[in-house]
Amino acid sequence: MSTTENRPEWLDNAVFYEIYPQSFNDTNADGIGDLNGITEKLDYIRELGCNAIWINPCFKSPFGDAGYDVEDYYTIAPRYGTNEDMIRLFSEAHKRDMHVILDLVPGHTAVTHEWFRQSMKAQRNEFTDRYVWTDSIWEEPQGMGCIRGISDRDGSCAVNFFSHQPALNYGFYKPDRDWQQPMDAPGPMATREALKDIMRFWLCAGCDGFRVDMAGSLVKHDEDGKGTIALWQDIRAFLDREFPSAAMVSEWGEPDKSLLGGFHMDFLLHFGPSHYNDLFRCPEPYFSKRGKGSAKEFISAYKENYAKTNGKGLICIPSGNHDMDRLARSLDTDEMRVAFAFLLSMPGAPFIYYGDEIGMRYVEGLTSVEGGYGRTGSRSPMQWDKGLNAGFSSARADMLYIPQDSSPDRPDAASQCADDNSLRSEVKRLIAVRMANPALRSNGSIEFISDGYPLVYSRSAEGQTIAVIINPSAESALVPDIRGKFLYIVGSAEAKENGTRIGGCSAAFVEL
Ligand code: NOJ
């Protein structure tokens, strides 16, 4: 079933939980998380209030970029289990009224992918044009970086991210060299069909949609994104025909483009002009009690995106992800409570990065694991309880995929579930309030009233209007003219004759 915006209905009330499969829950004592481990924890996620999950890539891979270097799109990496385990995970999730989206990496593969092996051959074959190659080893694809000198084929192959991730060929928007193929040439069209086959395979297996990696990167020399948008529109048409309830979420960061391409939702992230980092991850983040940060530029960029995309799809702001510092690296627990009040009261589906709900910390000083580099500290194994390896795995500690936070006071899920005053309990209540009030859900409209300390906005839907007051600063403040019924308070708030007094480091949802 879909909404008027042609979006799967479940997305309108979805709260996602992002799972980095390596680090979530290890059920076979090899030190690395697995799919059965995720299935085992579905009740934990559901109890928190999340009804959807995004799993980072879990396909066969040499793991030079933690699985974002896919070797075989059709097979679950043996370290995580089997395709049958994945199918069971889908069906266990569905039984709990949850949805699962997989990570689709359409822009590049691993060098060990069979397509690339064939493509490296001097003799022409079915995969010769599957990647972006120049026609001489001495010519590099301008501005793209390349792999060269490792094949019999006389050419350089463009890369899409790390230098071991060859770029799949979807063509050039405006080809200006012989080796640059137009988007509708047979090679690029075959790549596009191969992508549809992969999507078809996992959607038939029970998956509910995809988070698409670097979705804006596919067509080359495409400055305004027109070619890539057209490509995704074609994929949207295929989905509308065959899988109308599949959800598509893009890592693009330019919602006006991605939604035009047919995505239902786009992330605002730490890159591009979103000013996302101003809020949580900079020397003076807006969500700090010091009250020296600013949300102004973020809000102004958000408003611009919102105006361009309103009615066409959703924009979403995640708590973090596997590419960014943990929230807890720059915010203390009370600051995170206020940050979650914001994240869980904005339009678009919220995404909670595993462990952020308990304030897991960034683990400092780690050696890079599987292409993580500075990101490794945000990818450490989940802390479930106070047992061995924090309940993540029964393997020897030195076998764990990434070393865990070793501080004696590291947060854990079991303790926080038992404590009404914990961050996790706060997050759980905030999700419940969101779910219970149409104005707060993904589709409710937003109007900003003030963008300083406090930040004030109103959300409306189905005849309900809720004013949200977010005050990260330690100083309390009077918000004039806003008075009504308190639906939820983080910290403290009080109704006054002429408005609402919001406490320092507090947030309030006021039904008008
Ligand atoms: C974005 C992913 O989130 C990141 O982890 C990965 O390294 C790059 N894309 C390349 O696929």
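This is a predicted model: local features need pLDDT of at least 70, side-chain atom pairs count only at pLDDT 80 or more; totals for chains, interfaces and linings use all residues.
**Entry 1**

I looked up the lining by class and found 6 nonpolar, 6 polar and 7 charged residues around the second largest pocket. Its volume comes to about 250 Å³. Of the 19 lining residues, I noted Thr333, Ile358, Asp409, Pro411 and Gln416 as the closest to the centre. Which helices supply at least two residues each to this lining? I found α10 (333-343) and α11 (413-417).

**Entry 1: the largest pocket**

Next I turned to the largest pocket, which holds about 490 Å³ of space. It is lined by 27 residues, and Asn160, Met214, Ala215, Gly216 and Ser217 lie closest to its centre. Sorted by class, the lining of the largest pocket gives 12 charged, 8 polar and 7 nonpolar residues.

**Entry 2: aromatic pairs**

How many aromatic pairs does a search of the whole structure find? My tally is 36. I picked out Trp252 and Phe263: their ring centres are 6.4 Å apart and their planes stand at 80°, so I logged the pair as edge-to-face, the label for planes over 60 degrees apart. Trp252 lies in the loop between β9 (247-250) and α7 (255-260), while Phe263 lies in the loop between α7 and β10 (265-267), so this pair ties together parts 11 residues apart in sequence. Are the two residues buried or exposed? Both Trp252 and Phe263 are buried.

I then checked Tyr286 and Phe287, another edge-to-face pair, with 5.3 Å from centre to centre and 80° between the planes. Tyr286 has 1% relative accessibility, so I put it down as buried, and Phe287 counts as buried at 1% as well; the cut-off here is under 20%.

**Entry 3: charges over rings**

Last, I looked for arginines over aromatic rings. Which ring does Arg79 lie over? I found Arg79 over the face of Phe63, 3.4 Å from the ring centre. I also noted Arg130, whose charged end sits over the ring of Trp115 at 4.6 Å from its centre.

Key:
Residues are numbered from 1 along each chain as its sequence is written. Side-chain values use heavy atoms; hydrogens and water are left out. Rings of Phe, Tyr and Trp (its six-membered ring) pair if their centres lie within 6.5 Å; planes under 30 degrees apart count as stacked, over 60 as edge-to-face and the rest as tilted. Helices (H or I, at least four residues) and strands (E, at least two) are DSSP runs, numbered from the N terminus. Buried means under 20% relative accessible area, exposed over 50%, partly exposed in between (1.4 Å probe, protein chains only). A charge sits over a ring if NZ of Lys or CZ of Arg is within 6 Å of the ring centre and within 35 degrees of the ring normal. On a 1 Å grid over the protein atoms alone, a cavity is a set of points where a 1.4 Å probe fits but cannot get out, and a pocket is an open set with protein on both sides within 12 Å along at least five of seven lines; lining residues have an atom within 4 Å of a point. Grid points are joined across faces, edges and corners, and a volume is the space filled by probe spheres set on the points. Ala, Val, Leu, Ile, Met, Phe, Trp, Tyr, Cys and Pro count as nonpolar, Asp, Glu, Lys and Arg as charged, and the others, Gly among them, as polar.
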